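Reader: I would like to go through some of the labels attached to this model and hear what each one rests on. Please set the values against the cut-offs.

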Amino acid sequence: MTLKLSYQLMKSTEVQSTLERLAGEILKANADRQVVLVGIHRRGVPMAQRMASTIAAMTQTEPQLGVLDINLYRDDLTRVAFQPVVRRTDVPPTIDDHDVILIDDVLYTGRTIRAALDALCDFGRMRSIQLAVMIDRGHRELPIEANFIGKKIATKSNEVVEVKLREIDGEDAIYVMEKPD
Amino acid sequence: MLTHKDLLGIATLSREEIVEILDTADSFQEVSSRPIKKVPTLRGKTVINLFFEASTRTRTSFEIAGKRLSADVVNISASTSSVSKGETLIDTARTLDAMAADCVVVRHASSGAPKTLAGLTKASIVNGGDGAHEHPTQALLDAFTIRQRKKRLNDLKVAIIGDIAHSRVARSNVHLLTKFGSHVWLCSAPTLMPVEAKNLVGPENSQYLHVTHSMDEAIKDADVIMMLRVQFERMSESFFPSVREYFRYWGLTRQRVEKAKPDVIIMHPGPINRGVEIATDVADGPYSVILDQVTAGVAVRMSVLYLLLGSHGSTD
């Protein structure tokens, strides 16, 4: 399936400044707390790394990082045609009693975050879990909301929000694409 | 992408499929190191271990792999099942299929038994070792262990030494390693070497397969030494005069290991016969990765169950 470009939502400079702004908001809301930034594969991972370096520059301390693959916790494994590729999960062993910031690129139905919450709970009891996303595009199917949002936009259900990050895609940009009928 | 319903052998897998299984196993290793060693992935799936031959590590390893993925695992051994009342293999498999099993892991003394079942059941069949044919998950966990230590599967010299004639492990490993372009040296007493050993793989990979009766030739500059158990239970006649003589000519001792590369790894699919094919100080020594193989077995079998029990082939 080829997607048609609908419009460009963010340019490279906006992507970076949004990530820095999110990092600042996380820091402000969690003053004096031990945060662990956990990125969801794939694009949540470089987002977490960049937010960690912003936080490190502001506080002179490097926050702990983790990566999470949610495929083993999906609710649609018996319905997808082929088993999704399982990537490595690496959550710091000291996550108990810490404040975890879960990071993903796009918040849509909320099902990925539901799976991520189940996955995280298997690693211990965190003091809190908060959610930071680049784009909130609506259409929730579960009662899940983000604590930190880069940009909230209205979308149609035949649209796809593509967040591009240079670590994975070679460029920083956000596009709204349209599925042909 | 793994699109097969069953895993019957290595011979029918492509390099890409093997790499996919090993990469997925890499990710699954982490699950076994968690405080709660369980993920909900295969909730509601039923895996049946149908073992017609004795087994400790393969059966236990499949059972642990299934349980860590939240599948329900049932073990059947021939001695306590209706097989002892005279039920045929095919009827047993159809019965399990009628109970809506999703996967049946079969070990059987006859080569080809899993393939026969695969054609008759809706359940995925995994070959847990059939006769002297194949033992695919053993070769996959061996490859996983080799890749972990050597960072590659090509351009290695691998010596497989011991009871080649009765060994399905040797056959599966020959298929896998020659597919990736590693040189495999099969070495055993003439009585324990199949006559057609050189023809185990097709002409496209035969340049990678070597047969010798000299242990020194097989071990010289080897990256990997794989020792095989002498399978006394499959020997109806005498293949060598005595265990002491066997050990003197074909046993792996520290002196022999010194002829291999300095970073050689020593493998054994288990169970080990200490003092028959391998000396105790070698089996427990610094080059030995025998227990790493066991650890890898759980991750590799999790990967196989996960990839086979997707819904491909079903209607939705």
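Reader: What is the handedness of the crossing of H2(B) and H11(B), and how do the axes of the two helices lie?

Author: The model is a predicted one. In it, H2(B) and H11(B) cross in the right-handed sense. The axes of H2, residues 57–68 of chain B, and H11, residues 290–308 of chain B, come within 8 Å and cross at roughly 55 degrees.

Reader: Why is H2(B) called oblique to H11(B)?

Author: Roughly parallel needs an angle under 35 degrees, and roughly perpendicular needs 65 to 115. The crossing angle here is roughly 55 degrees, so H2(B) is oblique to H11(B).

Reader: Which residues of H2(B) and H11(B) meet?

Author: On the H2(B) side they include B:Arg57, B:Phe62, B:Ile64 and B:Arg68. Among those on the H11(B) side are B:Val294, B:Val298, B:Met302 and B:Leu305.

Reader: What makes H1(B) and H5(B) roughly perpendicular?

Author: The axes of H1 (residues 15–29) and H5 (residues 136–150) of chain B come within 10 Å and cross at roughly 65 degrees. The class of roughly perpendicular runs from 65 to 115 degrees, and therefore H1(B) and H5(B) are placed in it. H1(B) passes H5(B) in a right-handed crossing. From H1(B), the contact uses B:Ile18, B:Ile21, B:Leu22 and B:Ala25. From H5(B), it uses B:Leu140, B:Ala143, B:Phe144 and B:Arg147.

Reader: What about H1(A) and H2(A): why is H1(A) called oblique to H2(A)?

Author: The axes of H1 (residues 12–29) and H2 (residues 44–59) of chain A come within 9 Å and cross at roughly 60 degrees. Roughly perpendicular begins at 65 degrees and roughly parallel needs an angle under 35, so H1(A) is oblique to H2(A). This crossing of H1(A) past H2(A) is right-handed. Among the residues that meet are A:Leu19, A:Ala23 and A:Leu27 in H1(A) and A:Met47, A:Met51 and A:Ile55 in H2(A).

Reader: Which strands of chain A stand at the edges of the open sheet, and why?

Author: The sheet has 3 strands in the order S1-S8-S7, with antiparallel pairing. S1 (4–10) and S7 (159–164) of chain A are the edge strands, because each has a single partner strand and so lacks a neighbour on one side. From one strand to the next, the twist averages 25 degrees.

Reader: How do you know that S1(A) and S8(A) pair?

Author: The requirement is at least two bridges. S1(A) and S8 (residues 173–178) of chain A are joined by 5 bridges in the antiparallel sense, so the two strands count as paired. One example is A:Leu5, whose bridge partner in S8(A) is A:Met177.

Reader: What makes S4(B) mostly covered?

Author: In S4, residues 124–130 of chain B, 7 of its 7 residues are buried. To be buried, a residue needs 20 or more other C-beta atoms within 10 Å. S4(B) runs parallel to S3 (residues 103–108) of chain B, and 5 bridges join the two. B:Cys103 stands opposite B:Ser124 in S4(B). The chain gets from S3(B) to S4(B) by way of helix H4 (residues 113–118) of chain B, in a right-handed β-α-β crossover.

Reader: Is B:Ser242 exposed or buried, and why?

Author: Exposed means 12 or fewer C-beta neighbours. B:Ser242 has 9 inside 10 Å, so B:Ser242 counts as exposed. B:Ser242 is in the loop between S8 (224–227) and H8 (243–250) of chain B.

Reader: Why is B:Ser70 called partly exposed?

Author: B:Ser70 has 15 other C-beta atoms within 10 Å. B:Ser70 lies in the loop between H2 and S2 (72–77) of chain B. B:Ser70 has a positive phi of about 70 degrees, although it is not a glycine.

Reader: What makes A:Gln60 exposed, and what is its phi?

Author: A:Gln60 has 7 C-beta neighbours inside 10 Å, and so counts as exposed. Phi of A:Gln60 is near 65 degrees, which is positive in a residue other than glycine. Most residues other than glycine have a negative phi.

Technical notes
Residues are numbered from 1 along each chain as its sequence is written. Chains are lettered from A and ligands numbered from 1 in the order in which they are written. This is a predicted model: local features need pLDDT of at least 70, side-chain atom pairs count only at pLDDT 80 or more; totals for chains, interfaces and linings use all residues. Helices (H or I, at least four residues) and strands (E, at least two) are DSSP runs, numbered from the N terminus. A crossover is right-handed if, with the strands pointing away from the viewer, the path from the first strand over the helix to the second runs clockwise. Axes are lines fitted to C-alpha atoms, for helices over the stretch in contact, and angles run from 0 to 180 degrees between N-to-C directions. Angles under 35 degrees count as roughly parallel, over 145 as roughly antiparallel, 65 to 115 as roughly perpendicular and the rest as oblique. A crossing is left-handed if the near helix is turned anticlockwise from the far one by less than a right angle, and right-handed if clockwise. Two residues are in contact if their C-beta atoms, placed from the backbone, lie within 7 Å.
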